[in-house]
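I opened this notebook to keep track of what I looked up in the structure, entry by entry. The order follows my own reading of the model.

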2 protein chains.
Amino acid sequence: MIPRAKQAGIALRVVAAVDRSGFVFEQRGLSRRRLEDFVAGKEAGRKIAGMPGGRAAGVAEAIAEIARHALSRPILVDVTAEDTAAVLRQWLASGHDLVLANKKPLAGPLEQARGLLDLARSRGRRILHETTVGAGLPIIDTLYKLVESNDRILRIVGCTSGTLGFLLGEIQKGRPFSGALQEAMKLGYTEPDPREDLSGMDVARKALILGRLVGFEGELDRIEVESLVPEALRGVTREEFLRRTGEMDRALEERSREAQAGGGFLRYVASITRRQVKVGLQAVPASSPFASLKGTDNQVAFTTVRYRRNPLVITGPGAGPDVTAAGVLNDILSLAGSA
Amino acid sequence: MIPRAKQAGIALRVVAAVDRSGFVFEQRGLSRRRLEDFVAGKEAGRKIAGMPGGRAAGVAEAIAEIARHALSRPILVDVTAEDTAAVLRQWLASGHDLVLANKKPLAGPLEQARGLLDLARSRGRRILHETTVGAGLPIIDTLYKLVESNDRILRIVGCTSGTLGFLLGEIQKGRPFSGALQEAMKLGYTEPDPREDLSGMDVARKALILGRLVGFEGELDRIEVESLVPEALRGVTREEFLRRTGEMDRALEERSREAQAGGGFLRYVASITRRQVKVGLQAVPASSPFASLKGTDNQVAFTTVRYRRNPLVITGPGAGPDVTAAGVLNDILSLAGSA
């Protein structure tokens, strides 16, 4: 049978691509071929201003140029990892809805994030950001649905780092942390400096986004974050850190063994209420949905007034370019399908 | 912070209520007080035609009467459990979008279900039906999102009967089936004649709805359904059946013990592909997400081209008036928020 009728009739065009160097714009839409060329160029480290049809411009100028053209329901997709809040305000002001894969604007200063949402509301624009937590998994959308149907979120508990999930899973199987980390790096699961994953800050940013959606009014530094990186290895170079990861083996092995001795499993958990957001290691009982989490899977459990005894739980791969792209596309379709 | 801006500004009015006896209509919207009176009246077995402001009419006449009024984006919500396909065509033809909590129209004859969706498409109308599977859990919406982002669904596996989940969970704990059934009836988990749950037909209907959304072109009778009710107890009266449930204890106990001896758990599972839909008892391995299913929780796992190694899994309470009402409201908001 058919998908939901509404989305079926939507024609999407990619009319522009923008980076720090400049932009390219084609009102009729960039051809697939040209898009592929741009992607290949970016992957090779080239700048848009220097590609065929590309024009050198600051972002503000690019926005002004693009906004001069009559576009039907324009949507700006932010797939950077930068602090783009100021630029996003300009896109909103020029009539664009926003889709964010970028966590920074919503996990930055509260006033900034709130200002963005207030501006969107006052302009009748929308901001969707499904992929800021769990990539393509329907986590943010589910949270919105719960809120929109007047449920009250009591607690959100989540394992939202595939990297940390993988590492703790391997440690649980008896493997030393340093060996598991080496494999995770080989598989491309980690940031170039794996301390970015191990510090818990990526999980903290996701937790802050979820927290703010349920009324937590704090800043990133009000989140309790347990870093897995010992004090002594925080200030050293990446190379020295990688040489000395063996120093972390014993402590993590012990934590994992303790959890298992108590009948549970060690997980890196984000725990979110209106009043408090914290992220760190926790021994979850064997009866918890988090006990059965596998590999790099993410999992988020919503405990609400309606889902009180048993939570609503979403589980699955929460990272990767293809599922992230799908989540971005779903957000775009959702915006395009609404007035 | 704020929910998605779009839905925030929507004003919903309940302008009509319709049953077989007649209808009530109030263009400015029925007051909360009147709505509560209607609900209380229906619960007491009264008919709308006989309530204050109610008018006697056949459904076709009621639709014609209601459609005479200028309504902004009217939505018809079907919360019956009847075969309403013919009536739903009239609602569509009179300009209504549809929200179905009722499984029958989509799980009836394929031509009928397809005709409904084709009519909706040709009229630019939409049909949403989140609560036909798993009540308020975002199962149908997730399936649509996967399809809309051009993922390909390879397999859907689900435990979508809270009643059967509860019974098998109790049997797993060593309790006899007949005792567990008694408690389930006391807790209101079963249909008045529990054979309706035990026959697997409710699960089969949900499986058929999911199957049709991924391209299964068969009818309900093409689904392999394993009934838990032995041949000898199918034709007897409800009273006789309830007296003789003890006859089912041993077989179910043995099946559960076998599953556990093999390191697994006995679940009542719907298994869905484009080519085949079947529902019945299965021993799921301890490593399966279904192994950790608790109480009356539902669980649906989507294996797709993008979610291939590990599925996308949704788990939680999949029945009950409050979560069903919330799911219906989310569908209404989704329709109201789109052009």
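Entry 1, the glycine after a helix. I began with Gly45(A), which follows helix H2 of chain A and has a positive phi, near 85 degrees. Helices here are DSSP runs of H or I with at least four residues and strands are runs of E with at least two, both numbered from the N terminus. I noted that this is a predicted model, in which local features need pLDDT of at least 70 and side-chain atom pairs count only at pLDDT 80 or more, while totals for chains, interfaces and linings use all residues. Residues are numbered from 1 along each chain as its sequence is written, chains are lettered from A and ligands numbered from 1 in the order in which they are written, and side-chain values use heavy atoms, with hydrogens and water left out.

I then checked the length of H2(A), residues 32–43: its 12 residues should span 16 Å at 1.5 Å a residue, and its end C-alpha atoms are 16 Å apart, which agrees. The expected span is 1.5 Å times one less than the number of residues. In chain B, Gly45(B) likewise follows H2(B), with a positive phi near 85 degrees.

Chain A can be laid on chain B with an RMSD of 0.0 Å by a turn of 180 degrees and a shift of 0.0 Å along the axis, which is the relation of a two-fold axis. The superposition is by least squares on the C-alpha atoms of residues with pLDDT of at least 70 in both copies. In chain A, the C-alpha nearest the axis belongs to Ser338(A), at 1.8 Å from it. Both copies use the same surface, since 98% of the contact residues of chain A recur in chain B, contact meaning heavy atoms within 4.5 Å.

I found an open sheet of 3 strands in the order E1-E2-E3 (chain B), paired antiparallel. Strands E1 (16–18) and E3 (55–56) of chain B stand at the edges with a single partner strand each, so one side of each is left without a neighbour in the sheet. Strand E2(B), residues 22–25, pairs with E3(B) over 2 bridges, where pairing requires that DSSP finds at least two bridges. Phe23(B) stands opposite Arg55(B) in E3(B).

Strand E7(A), residues 153–159, has 5 of its 7 residues buried, so it is largely enclosed by the rest of the structure; buried means under 20% relative accessible area, exposed over 50% and partly exposed in between, with a 1.4 Å probe and protein chains only. E7(A) pairs antiparallel with E11(A), residues 297–304, over 6 bridges, and Ile153(A) stands opposite Thr304(A) in E11(A). E7(A) also pairs antiparallel with E9(A), residues 264–272, over 3 bridges, with Ile156(A) opposite Ile272(A).

Which loop holds Lys103(A)? I placed Lys103(A) between strand E5 (97–100) and helix H5 (104–107) of chain A. Leaving aside neighbours within four places in sequence, its contacts include Thr132(A) and Asp202(A). Ser161(B) lies in the loop between strand E7 (153–159) and helix H8 (162–172) of chain B, and at 9% relative accessibility Ser161(B) counts as buried.
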